[in-house]
Amino acid sequence: MSRHLRIVLVHPPHESDASQRAAALHAGLNEAGYVLVASLPADFHLPEEIARLQPDMIIVDAESDARDVLEHIVVATRDERRPIVMFTEDDNQSSMDAAIEAGVSAYIVAGLKPERIKPVLSVALARFRKEQKLLHELQDTKLKLAERKVVDRAKGLLMSRHGMTEDQAYQRLRTMAMNKNLKLAEIAQRILDVEDLLG
Amino acid sequence: MHAQCNPAGAVMQIEKTTVNIGFNPLTDCASVVMAAMLGFDEKHGIRIVLSRETSWASVRDKLMTGELDAAHVLYGLVYGTQLGIGAQPRDMAVLMNLNRNGQAITLSRRLAEQGANDGASLAALMAREPRQYVFAQTFPTGTHAMWLHYWLAAHGIHPLRDVRAITVPPSQMVYNLVEGHMDGFCAGEPWHHQALLEGIGVTAATSQQIWPDHPEKVLGTSLDFVRAHPNTCRALVAAVLEASRWIDASDENRRATAEIIAAVPYVNTDKAAILPRILGRYENGMKGAWQDEHPMRFHQDGQANYPWLSDGMWFMTQFRRWGLLKADPDYLQVAQSVTQLRLYREAAEMAGVAVPTDVLRTSTLVDGRTWDGTDPARYAASFPIHQRSGSAGN
């Protein structure tokens, strides 16, 4: 990636972002050459601001009630997710791992030194990308399985109704799909729909 | 290690005696607080350690990490997590229902002065004075989002197209209403009565008007925790059941409860904000006052605590209705796996609480529709106002 990562920092609505944690983070981001595009209060403008700024990563205080506003953003942008990194007081490694599995990209523990920020964020981003890839693969696989079931049922129907062999049924479906310029699963679904309709 | 007798009289070992319970500062955290306060935890061989949380999402994260063993949590959050809405899916568990009713919808004083003081008059005002109306709830999959959506839709207002729906933490609702950032909100108490006391909002609807005796918070945990600590869970449910029964036993007990939970470590508010509505005494800020037929209930002879499968399924039907789920889940199977019915029955027996025999119940909601849990996919598809994206199976 040649482009610098654009980061948004979210802080509790009634506090400034001048806490020690935030100060350490500012310093670390600067050293790492990341671009802090905004430091936003977690108020009702937040979803709009995130949508406008389109940051590459969001950093937020895990102990803040702002987390629920962020959850809104996560749910609202389910189809274009971005990594979220959180501060926490909890320095237990196993709980960090579990949290990461639960959907949070990284937990940054309080008292973190500025020079540690770059590697932590890099790892978070890498994990996020890997997870997204796995998630997409999983969805693809599920879709393919579902499609295969539909094709199998349509084949079964052709075999029992028209006395075709499995190979003939498959060839017939494939020819129909090619002629109509449809996917195999789509033509199979149509056959099943017609069967449903006519009983 | 403590030992406890189970209903069959056999000694059972409690796997984890110190139980960390998270709660959010709301009136309906009362039963978990009182279970610890009144010593029902010790009676059942455990020690409840309470942890005040400030956000629902961090309650969920801490249940995942094991930092919390169980929590006072939104019904919908448990199912949202189970189904992977907003986070990676994780197997969750509902141990028991903590309360029914006792939430509300507040409209700003400004709206009330323009004539909007209930659903019908709000719809009329929105038609008469078109602009962007903003309504807040507390968590995208939570109960308050579902009550708000349901109530708006019942009055012909599409909650995702006709208004802007936002998430605001409960404790910031009153402030945002004062600042004019929004026109109304749905959250738990004491925030609605607080808005009334400050003269900045009116109670346009109670959540029990939307669904009389609706389920609200649950005692939730992860399925992993239940599997590893079944006896701890039984003891915990028994302790909270006893506290629930105690709170509901008299107005005197409710007053004592309000006194205790108003304190700084719990809800951290003035007792006056909690007391009237925990006693069922409502006013709406428009000179209307009444003794509510369906106030916040913590026990109701166990009816309020029983985790009905139809209650759990209802939240999934609304997720489907509003596009949070893109296809129908296997409603009954998911509800059965989340709801720890057998464990609940055993714990109820330990606490001497009656258990209904059915697992589904029938309710009629504000739009006149009946929900009985028998055909969830059909119910989910039956609403004229919805945001179902794509067809089932996509």
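Author: The discussion below turns to a helix pair and then to two residues. Please note that this is a predicted model.

Reader: How roughly do the axes of helix α4 and helix α16 of chain B cross, and within what distance do they come?

Author: Two packed helices are described by the angle between their axes and the distance between those axes. Here, helix α4 (residues 75–82) of chain B and helix α16 (residues 331–338) of chain B have axes that come within 11 Å and cross at roughly 110°. α4(B) is therefore roughly perpendicular to α16(B), since angles of 65 to 115 degrees count as such. The crossing in which α4(B) passes α16(B) is right-handed.

Reader: Which residues make the contact of α4(B) with α16(B)?

Author: From α4(B) come B:Val78, B:Tyr79 and B:Gln82, and from α16(B) come B:Val334, B:Ala335, B:Ser337 and B:Val338. Five of these contact residues are nonpolar, two are polar and none is charged.

Reader: Is B:Thr203 buried or exposed?

Author: B:Thr203, which lies in strand β11 (residues 201–206) of chain B, counts as buried because its relative accessibility is 4%, and the limit for buried is under 20%. Its side chain makes a polar contact of 2.8 Å with the side chain of B:Arg277. Beyond neighbours within four places in sequence, B:Thr203 is also in contact with other residues, including B:Ala104, B:Leu196 and B:Met286.

Reader: Where is A:Met159 found?

Author: A:Met159 is found in helix α5 (residues 117–162) of chain A. With 31% relative accessibility, A:Met159 counts as partly exposed. The C-alpha atoms of A:Met159 and A:Lys130 are separated by 43 Å, at 29 residues apart along the chain.

How values were computed
Residues are numbered from 1 along each chain as its sequence is written. Chains are lettered from A and ligands numbered from 1 in the order in which they are written. This is a predicted model: local features need pLDDT of at least 70, side-chain atom pairs count only at pLDDT 80 or more; totals for chains, interfaces and linings use all residues. Side-chain values use heavy atoms; hydrogens and water are left out. Axes are lines fitted to C-alpha atoms, for helices over the stretch in contact, and angles run from 0 to 180 degrees between N-to-C directions. Helices (H or I, at least four residues) and strands (E, at least two) are DSSP runs, numbered from the N terminus. Angles under 35 degrees count as roughly parallel, over 145 as roughly antiparallel, 65 to 115 as roughly perpendicular and the rest as oblique. A crossing is left-handed if the near helix is turned anticlockwise from the far one by less than a right angle, and right-handed if clockwise. Contact means heavy atoms within 4.5 Å. Ala, Val, Leu, Ile, Met, Phe, Trp, Tyr, Cys and Pro count as nonpolar, Asp, Glu, Lys and Arg as charged, and the others, Gly among them, as polar. Buried means under 20% relative accessible area, exposed over 50%, partly exposed in between (1.4 Å probe, protein chains only). A polar contact is a pair of N or O atoms within 3.5 Å; within protein, one must be able to donate a hydrogen and the other to accept it, and residues adjacent in sequence count only if both atoms are side-chain atoms.
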